[in-house]
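Reader: Could you take me through this structure slowly, setting each term beside the rule that stands behind it?

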Amino acid sequence: MSNSQLTEGICANRLSPDALAQNFTDIAPSLTAHEAQVAADRCYFCHDAPCQTACPTDIDIPLFIRQIATQTPDAAGMTIFDSNILGGMCARVCPTENLCEGACVRMKAEGKPVEIGRLQRFATDGVMARQDHPYTRAAATGRTVSVIGAGPAGLACAHRLAMKGHSVTIYDARPKAGGLNEFGIASYKAVEGFAAAEVAWLMQIGGIKMVENWQLGRAGDGDLSDILAQSDAVFLGMGLSGVNALRLKGEDKDNIIPATNFIAQLRQASDLAALPIGRDVVVIGGGMTAVDAAVQAKLLGALNVTIVYRRGRDAMPASAHEQEIALSRGVRIIEHAAPKAIIGNGAVRHIEFCYTKNGPDGLEMTDATFRLPADQCFTAIGQTLGDMPEIVIVKGGKIITDGAGRTSMARVWAGGDCTHAGDDLTVTAVAQGRDAAEDIHLFLAKG
Amino acid sequence: MADLTSNFLGIKSPNPFWLASAPPTDKEYNVRRAFEAGWGGVVWKTLGAEGPPVVNVNGPRYGVVYGADRRVLGLNNIELITDRPLEVNLQEMTSVKRDYPDRALIASIMVPCEEEAWKAILPRVEETRADGIELNFGCPHGMAERGMGSAVGQVPEYIEMVTRWCKHYTRMPVIVKLTPNITDIRAPAQAAKRGGADAVSLINTINSITSVDLDNFAPQPTIDGKGSHGGYCGPAVKPIALNMVAEIARDPATAGLPISGIGGVTTWRDAAEFLALGASNVQVCTAAMTYGFKIVQEMISGLSDYMDKKGFTSVDQISGRAVPNTTDWQYLNLNYVTKAQINEDDCIKCGRCYAACEDTSHQAIAVSSDRVYSVKDEECVACNLCVDVCPVDCISMRELALGEVDQRTGTPVAGYGNWTSHPNNPSSQAAQ
């Protein structure tokens, strides 16, 4: 291993395998039984609890914490899974400081919430570590539902439908199920192949068939009408497969890639040391994807990693907690700056930014500029829906649904990030998948 | 720093905090460490008669009841009196008293209910130069099966008889330790006084089973698959102890009889409460067993701080101060009206007051869509449950002024009036 953090350009092996293993270890390991007991004892068992109201999947948080406090963690796990079958992943990736923990009444009391996320992980890990699947499938109904997309929305929908006895086929364009959980979040949030293990655990319900490498509308695979012809109902949960462009000259230069691609590549890498990373890395954007890409670039051994966001830090979609993770790992955050030009001969070498300011009509560019050296540039400025069958009404790039997840088209439901109701959160996608499944079930029961 | 000097039956100690007769005071090593830590006195672990000492179980001796974060709220024990030879204990007591002449050293004694047994042991205890004796009529487990401990304490005639023997055979002050495992604590206290006791100490432990092993279906602590009832102590028993102390303090038959307060004293505040209800000093056990001897330092500084703030210059000034305000229900002012009020600024919106009131009380708390909780004066009976369950103490009780209309009853607050003269009281009406 001759490379180091100082090695110029893009190269592998910047850090030793030991250092990499250390860097990519579980960022928030499971609580021990004692830690869980102490944490659970802090819960006040609030009436109409604000934490539960803040949870998109409406998990009965006071109840599951009381179940932990009374030494029945498996019962706690079931309380969670009853509302959110992906409760294990949500415990790892939810921005709890903006959701349940942000609403915890102890925030006002002491500025320190009950550790709901970690308690949820404690309870769900325990149930998932058992060999059995805790739910049983109802008698087969003979009805079939196709689910497009094996991400959080599709998985939650499929599990709920399968539990009610329907036959479900999930189609996913990638070679592996899991969607964002498998390809789109920082590795240290779901270590040891948790996303795949969760899919396998969930599939144990039975009645779900997984079809991988199948993309809606792709020649040879099939389109929506094909799927509708062979199913009683369809759920669209394919997420956002496209990415927004910088719309800058030179954007096509080498080593400017979507942050989502970098994250997916890293998540699927069998050997992190072999993964090349630049010495100077620039990430453009301010969401969780930007942070996940930047932090992981740093952890791979990049010397300088800079997130550049066009607005102020307070406006960043990434939570304050996520920003803290980035800063604590040595990522620099430059706020109020927008890319102006990409400089390089063939491959990117520098990126020129101009500072921005808030004006009466929104963000204004100023004349003040600066350049950052960049061996690599990861763009994380939003994702877009891929090609959609025209028969489903799309507005503003997202599928329109009603409260129950119904699209404009009969027998077609949708949920998660591909819809207007999505908000880039695993937990919201799970809620929509689950609720659509309930509505589909009602629909099938009538028919 | 207030003067905490205590004079109990002429027994002087630098503070009113004594260690109760219990495992912490079983031997010289512990007692010396206790005195070094600052304890004002020690009641030595109960001595038995000459001869082969009792034996203890060799499995767990204690069971526990926890609060949040495994905080010890109650402890139960099945340990018997000292299991070391009488002679060893007496030698060690002599040695300790010689080295700590300013501290109180009391011998706790439990021998068979026979005059000869007491007559035999008392002179030997006197030789140690102990300051007094405490008659253990309290332990509810083990020894009671042999006719001692609470088996004596539950029969006032025995208490009186043994107390009289002791007063006859020794010049040392006699403290009678009472068991709470009776229906009316005043009867044994009166018996002790009739027998000539210089003081009573209470409470001893309460008969209890702390928990059941739900795998093996046996009470805990479990000894080879079986469990037995034991004596319960610790913070959980304090309310029971306070009531019993107050009962004796305000009973005309025993008023003025010095009391050593025991039962769940954990902080200086607990101690002050026992004093206020009539105790002259306190004895501590579970708190020391939970946290070690050092806790006495907080008790000393806390009581001193409190006395300084209140302007008390001696512990005696606290002693009994709440007794005149301890009365029977029938004398409580039924025309006194308060209403709960919630401090919205301090409220953290947990809603526990609402759940408690709505589900189990008088539906007197309203909640708005943005979780602002308020009291419905027209429903509030001032039960205090909301105050009790509030985790941040943001609810208080507002006293209605004389003449102010109670929104619940529609009547103005009247002057003092109790049940004895209330129109709904049949006795009251009969008297008219």
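**Charges, cover and pairs**

Author: B:K238 counts as buried, with 14% relative accessibility. Before going on, note that this is a predicted model, in which local features need pLDDT of at least 70 and side-chain atom pairs count only at pLDDT 80 or more, while totals for chains, interfaces and linings use all residues. Residues are numbered from 1 along each chain as its sequence is written, chains are lettered from A and ligands numbered from 1 in the order in which they are written, and side-chain values use heavy atoms, with hydrogens and water left out.

Reader: Why is B:K238 called buried?

Author: Buried means under 20% relative accessible area, exposed means over 50%, and partly exposed lies in between (1.4 Å probe, protein chains only). B:K238 has 14%, so it is buried, whereas B:E273, at 28%, counts as partly exposed.

Reader: What makes B:K238 and B:E273 a salt bridge?

Author: The term asks for a side-chain nitrogen of Lys or Arg within 4 Å of a carboxyl oxygen of Asp or Glu. For B:K238 and B:E273 the N to O distance is 2.6 Å, so the pair meets the rule. B:K238 lies in helix α7 (residues 238-250) of chain B and B:E273 in helix α8 (residues 268-276) of chain B, so the pair ties together parts that are 35 residues apart in sequence; helices here are DSSP runs (H or I, at least four residues), as strands are (E, at least two), numbered from the N terminus.

Reader: Which residues are joined into one network by salt bridges that share partners?

Author: The network consists of B:D184, B:R186, B:E247, B:R250 and B:D328.

Reader: How do you know that A:R279 and A:D280 form a salt bridge, and is each of them buried or partly exposed?

Author: Their side chains meet at 3.4 Å, N to O, so the distance falls within the 4 Å limit. A:R279 is partly exposed at 24% relative accessibility, while A:D280 is buried at 5%.

Reader: What makes B:R98 exposed, and what is its salt-bridge partner?

Author: B:R98 has 58% relative accessibility, which is over 50%, and therefore counts as exposed. Its partner is B:D99, the closest N and O atoms being 3.5 Å apart, and B:D99 is partly exposed, with a relative accessible area of 38%.

Reader: How many salt bridges does the structure hold over all chains?

Author: Over all chains there are 44 salt bridges.
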